[in-house]
Amino acid sequence: MSGLGKPPSRRGARATRRSNPFITSNQGGALCSGQRNNSPFISSYDAEKKRKHGQQRKEMAKKLLVWGSLALILTVLFRSWSSNSDEPNLLRGGAEIGTKLGSNNDNIIPPNNAPASAVEPPPPPPARDTSLPDPSVVKGKSLEIEKGVEDSICGSQIPINLADKDKWPTPYTPFIGNGKVPTDSIAKEVVLLQNGSPYGNLGSQLTSFFHAYDFAHESKAPLYITKDSWALETLSKLFFDSDLISPANIPEKFYPYLEKILRVKIVESEEVLKSMEITVPHHPPVQGFFHFSVPGLDLTQIRNHRETILRQLLQYPAPGMCTNLEKRLGAQPTEKYTVISFNFSANIHLPKLDAATKKDHTAAAEMQPDYVVNILGREGMLEQPIFPVFPPGPPNPANVEALMSLIKNPLLHDKIRYDLHARNLEDYVYLALLADVYLGNPVDPLSIWIARIRAALNKKQGTYVLTEKQGDDWVS
């Protein structure tokens, strides 16, 4: 604390006025003595000297005024240049910028790089306590959140306008049941998603996250999330910038945006809740959320709620996802294409799925050549490129064998584009989301979520995951 007692700097203090040697030598009307000299020559000389000195002081004052004004102008210009040169886009996604999340003019994120003619000059910022760090600063740079174009993702057109809620294929449903925006003032007990290891792959984590909404609704308690929660880490893989949304970098200004999209409350820790006398009863671990289900919930409302949140999040695609998409398709993709997802390790759950649906999903789970040819033939996609993708981790021999079966098929072999270094489905979710045709494994959670997100984008056409055979054809 010794630094707080540092004496104030004297820089800029008024300088001690220096005496003119000619004037001091004649103080009291005397020249070189304390006696008054009434000589007319001395008096005339003294008057002339004072007149010249006064003129010199006026000229000096004019020069100081000119140079001071010039210095002030240069300072303002330098500060303006420094401010404009340090305006990076920390959250990137898409070629153009949107400004609204919904058609009801809810401005969740301020516009970025909008034309000067279209935006009124902003009012001067209010005074801020400079002793506190600026919450909008991330790694020394100001927060700017860039949105994707509202009718495209990563430069690819989609069938709906994500910001026009009135034209969505399913209704805008921000809450389950009679849910309300969580607030500390009315919360007594909450469901809290805290730090911890996420459960399973990306698909399982998304299932756990959305099941937490169901659990909160059933518990009649609001959903809270800590800043270091696994849930935010999961979302950062698909949306926003993973560098920004990580707990070490995320600025305080960003949390209200995320809270409004997710309709949750984001807090520092459980200890903060306890200090406000808000309790967190014992709740299931992450894997418990994955397996949680409530038979009495309205499945239509659940679907609408999921799609509402997903459509809002998809307006902020993760930059890495867009980069991976461009690597596979090019900067301006024009070709139609198919994505096929292999995941034989999930097939241990196939008997349970078949029993629950009373249907045989073996062909879809194994991606048998006849199954693939039948679907692509009816979709008119046999002449278009096919991108196979796999779960993360070392290659599964069963997946490789299934891929080789497709390569050996004369109708498919020259259309398959396989890249050993670009095969992880978790890195290429958007490649699957935006594909003209997607074939997924019905027992793979991520394949199921890709199908759900495609439905939210009104891309049900061309999605084949939970399929059944009708006559000679496989239909979804």
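## Strands and pairing

Two strands pair if DSSP finds at least two bridges between them. Strands (E, at least two residues) and helices (H or I, at least four) are DSSP runs, numbered from the N terminus.

The structure is a predicted model, in which local features need pLDDT of at least 70 and side-chain atom pairs count only at pLDDT 80 or more, while totals for chains, interfaces and linings use all residues. Residues are numbered from 1 along each chain as its sequence is written, and side-chain values use heavy atoms, with hydrogens and water left out.

## The sheet of three strands

Strands E5, E6 and E7 form an open sheet in the order E5-E6-E7, with parallel pairing. E5 and E7 (265-267) are the edge strands, each pairing on one side only. On average, neighbouring strands of this sheet are turned by 30° against each other, direction ignored. Angles run from 0 to 180 degrees between N-to-C directions, and axes are lines fitted to C-alpha atoms, for helices over the stretch in contact.

E5 (residues 191-193) is joined to E6 by 3 bridges, and Val191 stands opposite Leu223 in E6. E6 and E7 are also parallel and pair over 3 bridges; here Ile225 stands opposite Ile266 in E7. Helix H3 packs on this sheet and touches E5 and E6, its direction making about 165° with that of E5. Contact means heavy atoms within 4.5 Å.

In a regular strand the side chains alternate between the two faces of the sheet. In E6 (residues 223-226), Leu223 and Ile225 point one way, Tyr224 and Thr226 the other way, and all are buried (under 20% relative accessible area, 1.4 Å probe, protein chains only).

## Helices H3 and H9

Two packed helices are described by the angle between their axes and the distance between the axes. The axes of H3 (residues 202-219) and H9 (residues 299-313) come within 12 Å and cross at roughly 130°. H3 and H9 are therefore oblique to each other, a class for angles that are not under 35 degrees (roughly parallel), over 145 (roughly antiparallel) or 65 to 115 (roughly perpendicular).

On the H3 side, the contact is made by Phe210, His211, Tyr213 and Asp214; on the H9 side, by Ile302, His305, Arg306, Ile309 and Leu310.

## The sheet of four strands

Another open sheet has 4 strands in the order E9-E8-E10-E11, with parallel pairing. E9 (386-389) and E11 (463-464) stand at the edges with a single partner strand each, so one side of each is left without a neighbour in the sheet. E8 (residues 338-341) and E9 run parallel and are joined by 4 bridges. Ser341 has Val389 in E9 as its bridge partner.

Definitions and conventions: Buried means under 20% relative accessible area, exposed over 50%, partly exposed in between (1.4 Å probe, protein chains only).
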